[in-house]
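Reader: I am new to reading protein models. Can we go through a few features together?

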Amino acid sequence: MLKGKTALVTGSTSGIGLGIAKALAGQGANIVLNGFGDVQGPKAEVEALGVKVAYHGADMSKPSEIEDMMKFAAAQFGRVDILVNNAGIQHVAPVEDFPPEKWDAVIAINLSSAFHATRLALPAMKAANWGRIINLASVHGLVASAQKSAYVAAKHGLVGLTKVTALENATTGITCNAICPGWVLTPLVQKQVDAKAAANGWSNEEATKQLLGEKEPSLQFTTPEELGQLAVFFCSPAANNVRGVAWNMDGGWAAQ
Ligand code: NAD
C-alpha cells in the first residue's frame, strides 16, 4: 500500500517508534530512522522487510539538527510523505520539585520537535497534495496523572498542534492525527516500573501488576505492533477523511 512512499519516524531506534517504522515498512514504505542508542540492530530489522532505510541522528531538542534531518531525508528519498513525530522522554516529580531543565527538555523533545518537523515537512507534502502526519501523543494528551506536569502539558499541546495542522490542511490530501496510547512496555515505561519496585520493595511482576491496575482497566499493555497497525490505517485511503483525531489505544484508561 505504501510502496514508493517515504516515512520518517522520529525516536525510532526503540519502542513504539521502531514498531511503527516496521509496520510502515511492512506496507512497502522506505524509512528514515532517528534516535539514540544502537542503530545497527533496528536498521537491520527494518531492512529485513525489504525496503530502503536511512538513519539520521538528530537530537530532537535542537531545531537546527531537525532542519538538517529533514534536508537529509529529502536528499535520500526525494521527500517525506509520512511524518511520525514519536520521539519522547519522561520525567516524574511534583511541580514544585520539577527541575526547570527537565521541563525544558520534555517540552522541547515531546512538543516543539513536532512543530519543527511538521513545519519543515509541509511544503513538500503540499506540492504533492498528499501527506500523513502522525503525532505520538498519549492518553496523557487527554487526561492527567500526578507528577507528570511537563509530559501532560507537552502531550495536551501535541493534541492541540494535531488539530490545528489538520484544520489548516483540511481541503488537501494531507491529514494529521494523534495516537494516544495507555501503557506500552518500552524502556520509557520499564523505568517507571523499576522506580515503583524500588520504592515499595516489590518484584518486577508485582510492580507491573500495580502499574497497570492503577490506570488501565484491561490490565494489558498496548503493543508497538498494535500501534503500528493504527499508523498504517491512518496512512490508508480509508482514513482520507480522518482528520484531527486523538485516538486512544489505552485499554479503557480514558473511558473511566
Ligand atoms: P522509548 O524510550 O522506548 O523510545 C524513545 C525513542 O526516542 C528512542 O528511540 C530514543 O532514542 C528517542 N529519543 C529520546 N530523546 C531523543 C532526542 N532528544 N532526539 C532524538 N531521539 C530521541 O519510548 P517509547 O515508550 O517508545 O515512547 C515513544 C513515544 O510514545 C513517546 O513520545 C512517548 O511519550 C509516547 N508514549 C509512550 C507510552 C508508553 O507507555 N511507553 C504511552 C503513551 C505515549
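Reader: Where is Q147 found?

Author: Q147 sits in the loop between β5 (131–136) and α5 (149–168). Helices (H or I, at least four residues) and strands (E, at least two) are DSSP runs, numbered from the N terminus. This is a predicted model: local features need pLDDT of at least 70, side-chain atom pairs count only at pLDDT 80 or more, and totals for chains, interfaces and linings use all residues. Residues are numbered from 1 along each chain as its sequence is written, and side-chain values use heavy atoms, with hydrogens and water left out.

Reader: What is the phi of Q147?

Author: Phi of Q147 is near 75 degrees, a positive value in a residue other than glycine. L219 also has a positive phi, near 55 degrees, and is not glycine either. L219 lies in the loop between α7 and α8 (224–235).

Reader: Is L219 buried or exposed?

Author: Buried means under 20% relative accessible area, exposed over 50%, partly exposed in between (1.4 Å probe, protein chains only). L219 has a relative accessible area of 54%, so L219 is exposed. Q147, at 40% relative accessibility, counts as partly exposed.

Reader: How do I read the faces of a helix?

Author: An α-helix has 3.6 residues a turn, so residues three or four places apart point the same way. Now take α6 (residues 187–200). In α6, V189, Q192, V193, K196 and A197 are buried. Seen down the axis of α6, these buried residues fall within an arc of 140 degrees, so they line one face of the helix. The arc is that of the directions from the helix axis to the C-beta atoms. K191, A198 and A199 are exposed on the other side of α6.

Reader: What do the buried residues of α6 pack against?

Author: They pack against α7 (204–215). Just after α6, G201 takes a positive phi of about 70 degrees.

Reader: How are two packed helices described?

Author: By the angle between their axes and the distance between the axes. Axes are lines fitted to C-alpha atoms, for helices over the stretch in contact, and angles run from 0 to 180 degrees between N-to-C directions. The axes of α3 (residues 63–77) and α4 (residues 100–128) come within 10 Å and cross at roughly 35 degrees.

Reader: Which residues of α3 and α4 meet?

Author: P63, I66, E67 and M70 in α3 meet S113, H116, A117, R119, L120 and A121 in α4. Contact means heavy atoms within 4.5 Å.
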